[in-house]
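Please keep the sequence and the model in view while reading.

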Amino acid sequence: MTASRLSAVPLLLSAVAAGALLTGCSASASVETGKSAPELSAEKLAATVAEKLAATTGQPEPRVDCPENLAGKVGTTTRCTLTADDGSTLGVSVKVTSVEGDQINFDIKADDTASPATN
């Protein structure tokens with residue numbers, strides 16, 4: 001299973017770079033209640049973005065890192081990074097479109113071009 005994941009990530013980057021992915025893709029995630037404003041942890045955001053990418057492309061989930069939590073406020077944005085095994089990266093923008101109780105709805109858009117690995 002690991003071997004198929006390793007070979008699938010460059011294919012995912014190729015699909016994204018070719019513009020075949022995530023034009024207006026949306027996702028949502030439930031957050032913990034009890035806070036004054038909903039917030040999605042960076043880890044859960046990264047997992048949700050990776051899951052959505054995998055579902056959209058039919059490939060295994062890629063490695064996605066998000067540097068910060070996503071505040072549940074319409075218009076809030078953040079950037080995540082998809083990293084392939086060869087070290088090349090692709091930026092992914094996330095923008096909150098609506099908040100319904102403890103559910104944060106957001107759009108995901110991958111950059112058109114991947115950045116090569118830095119050696």
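## Salt bridges

Asp112 is exposed, with a relative accessible area of 51%; here buried means under 20% relative accessible area, exposed over 50%, and partly exposed in between (1.4 Å probe, protein chains only). The structure is a predicted model, in which local features need pLDDT of at least 70 and side-chain atom pairs count only at pLDDT 80 or more, while totals for chains, interfaces and linings use all residues. Residues are numbered from 1 along each chain as its sequence is written, and side-chain values use heavy atoms, with hydrogens and water left out.

Asp112 forms a salt bridge with Lys109, and their closest N and O atoms lie 3.8 Å apart. The term denotes a side-chain nitrogen of Lys or Arg within 4 Å of a carboxyl oxygen of Asp or Glu. Lys109 is partly exposed, its relative accessible area being 40%. In total, the structure holds 2 salt bridges. Another salt bridge joins Asp111 to Arg79, with 2.7 Å between the closest N and O atoms. This pair links distant parts of the chain, 32 residues apart: Asp111 is in the segment after strand S7 (103–110), and Arg79 is in strand S5 (residues 77–83). Helices (H or I, at least four residues) and strands (E, at least two) are DSSP runs, numbered from the N terminus. Asp111 counts as partly exposed at 24% relative accessibility, and Arg79 counts as partly exposed at 39%.

## Strand pairing

S5 and S6 run antiparallel and are joined by 7 bridges; two strands pair if DSSP finds at least two bridges between them. Within this pairing, Leu82 has Leu90 in S6 as its bridge partner. The two strands S5 and S6 form a hairpin with 5 residues between them, and Gly87 in the turn has a positive phi of about 95°.

S6 also pairs with S7 in the antiparallel sense, over 8 bridges. The bridge partner of Glu100 in S7 is Gln103. S6 and S7 form a hairpin with 2 residues between them, where Gly101 in the turn has a positive phi of about 65°. Asn105 belongs to strand S7 and is buried, with a relative accessible area of 15%. The side chain of Asn105 makes a polar contact of 3.5 Å with the side chain of Glu100. A polar contact is a pair of N or O atoms within 3.5 Å; within protein, one must be able to donate a hydrogen and the other to accept it, and residues adjacent in sequence count only if both atoms are side-chain atoms.

## The disulfide

A search of the whole structure finds 1 disulfide, defined as a pair of cysteine sulfur atoms within 2.5 Å. Cys66 and Cys80 form this link, with their sulfur atoms 2.1 Å apart. The pair joins distant parts of the chain, 14 residues apart: Cys66 is in the loop between strand S3 (63–65) and strand S4 (70–71), and Cys80 is in strand S5. The link of Cys66 and Cys80 is right-handed, with 105° about the S-S bond. Both cysteines, Cys66 and Cys80, are buried.

## The nonpolar core

The largest nonpolar core has 20 residues, and those with the most contacts inside it are Leu45, Val49, Val64, Leu70 and Phe106. H2, S5, strand S6 (89–100) and S7 each supply at least two residues of this core, and H2 gives the most to it, with 6 residues. Such a core is a set of buried Ala, Val, Leu, Ile, Met, Phe, Trp, Tyr and Cys residues joined through side-chain atoms within 4.5 Å.

Not counting residues up to four places away in sequence, Leu70 touches residues including Pro38, Leu40, Leu45, Val94, Ile104 and Phe106; contact means heavy atoms within 4.5 Å.

## Two buried residues

Thr78 lies in strand S5 and counts as buried at 5% relative accessibility. Its side chain and that of Glu68 are joined by a polar contact of 2.8 Å. With residues up to four places away in sequence left out, Thr78 touches Leu45, Glu68, Leu70, Val92, Ser93 and Val94.

Ala50 is placed in helix H2 (residues 42–57) and is buried, with a relative accessible area of 4%. Leaving aside neighbours within four places in sequence, Ala50 is in contact with Glu61, Pro62 and Val64. The C-alpha atoms of Ala50 and Arg63 are separated by 6.8 Å, and the two residues are 13 residues apart along the chain.
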